[in-house]
Amino acid sequence: MVKLADWGYIEYAEAWKKQKELFDARVQAKSDTNELPDIVVFCEHPHVFTLGKSGAQENLLVSNQVLADRGVSFFKTDRGGDITYHGPGQIVAYPIFDLEHFNIGLRQYIYNLEEAIILFLSDFGVKGQRLKGATGVWLDISEPKKTRKICAIGIRCSRFVTMHGFALNINADLSYYSFINPCGFTDKGVSSLEMETGKKQDMDYCRQLLYQKMLQVFAL
């Protein structure tokens, strides 16, 4: 059974520190042959841009002064992927899993995360899809001019233990994406569940539903 932890509204730096502690404990437990339970953390962050270890600084399109004026933080982090946005109205999930518990590798793990999100979106009548060559969950991939991302994925994995995870736009303010090339793309848009359904969604309900979809996909 995967435990669910809800950290609520939390600064990115604090959440990064807390999940690193959970991650390190699980890596150490493998060395000690003393298993710890898998856990998925849900939270929301104040406005922040994070840049993955393989990301390009030039995908941040505004100055530090603009960020300061808008109250937006910026962090270089140790996950994969390029630049992305976190903010209120977004479900950020940090699954800290030992993939050996699930008998899967990294590629299947990412596939499973995408699948859980696709199943979640389908309950709202929204068709989530995978885009070849890009992680995350997308909409309208058959129409390049309309293709837009609703969920970004960026992870770190060591000794089959994962950290970081995904950011799913529920009621997020999408205007902040104009400050970056999201995930390094210059020709793709972004969306949210609120935008796709035309109404603001209940965050607590969405978190519980998403957790159930994750349990379903990971066969727990």
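Me: Is Lys146 buried, partly exposed or exposed?
Reply: In this predicted model, Lys146 is placed in the loop between β8 and β9. Its relative accessibility is 47%. Buried would require a value under 20%, and exposed a value over 50%. Lys146 therefore counts as partly exposed.

Me: Which residues is Lys146 in contact with, leaving aside its neighbours within four places in sequence?
Reply: Lys146 belongs to the loop between β8 and β9. Asp140 is found in that loop as well. With neighbours within four places in sequence left aside, the contacts of Lys146 are Leu139 and Asp140.

Me: How many Å apart in space are Lys146 and Leu209, C-alpha to C-alpha?
Reply: In sequence, 63 residues separate Lys146 and Leu209. From C-alpha to C-alpha, their distance in space is 27 Å.

Me: What is the phi of Asp140, which is not a glycine?
Reply: Most residues other than glycine have a negative phi. Asp140, in the loop between β8 and β9, is not a glycine, yet its phi is positive. At 27% relative accessibility this residue counts as partly exposed. The phi of Asp140 is about 55°.

Me: Is His164 buried or exposed?
Reply: His164 lies in strand β10. Like Asp140, which has a positive phi, His164 has a positive phi, of about 60°, although it is not a glycine. Because its relative accessibility is 2%, His164 counts as buried.

Me: How many Å apart in space are His164 and Ala93, C-alpha to C-alpha?
Reply: Leaving aside neighbours within four places in sequence, His164 is in contact with several residues, among them Tyr12, Trp16, Asp78, Ala93 and Arg156. Ala93 is 71 residues from His164 in sequence. In space, C-alpha to C-alpha, the two are apart by 7.5 Å.

Me: Which residues have the most contacts inside the largest nonpolar core?
Reply: Nonpolar side chains tend to be buried together in soluble globular proteins. The largest nonpolar core here has 38 residues. At least two residues of this core come from each of several elements, including β6 (90-96), α3 (106-122) and β10 (161-169). Those with the most contacts inside the core are Phe97, Tyr109, Phe120, Phe166 and Leu168.

Me: Which residues does Leu168 touch, not counting residues up to four places away in sequence?
Reply: Leu168 is one of the residues with the most contacts inside the largest nonpolar core. Another of these, Phe120, is among the residues that Leu168 touches.

Me: What radius of gyration does the protein have?
Reply: The protein has five helices and 11 strands, and its C-alpha trace spans about 50 × 40 × 30 Å along the principal axes. Buried residues make up 54% of the 220 residues. Because a compact globule with 220 residues would have a radius of gyration near 17 Å, the value for the protein agrees with that expectation. The protein has a radius of gyration of 17 Å.

How values were computed
Residues are numbered from 1 along each chain as its sequence is written. This is a predicted model: local features need pLDDT of at least 70, side-chain atom pairs count only at pLDDT 80 or more; totals for chains, interfaces and linings use all residues. Side-chain values use heavy atoms; hydrogens and water are left out. A nonpolar core is a set of buried Ala, Val, Leu, Ile, Met, Phe, Trp, Tyr and Cys residues joined through side-chain atoms within 4.5 Å. Buried means under 20% relative accessible area, exposed over 50%, partly exposed in between (1.4 Å probe, protein chains only). Helices (H or I, at least four residues) and strands (E, at least two) are DSSP runs, numbered from the N terminus. Contact means heavy atoms within 4.5 Å. The radius of gyration is taken over C-alpha atoms; the globule rule is 2.2 Å times the number of residues to the power 0.38.
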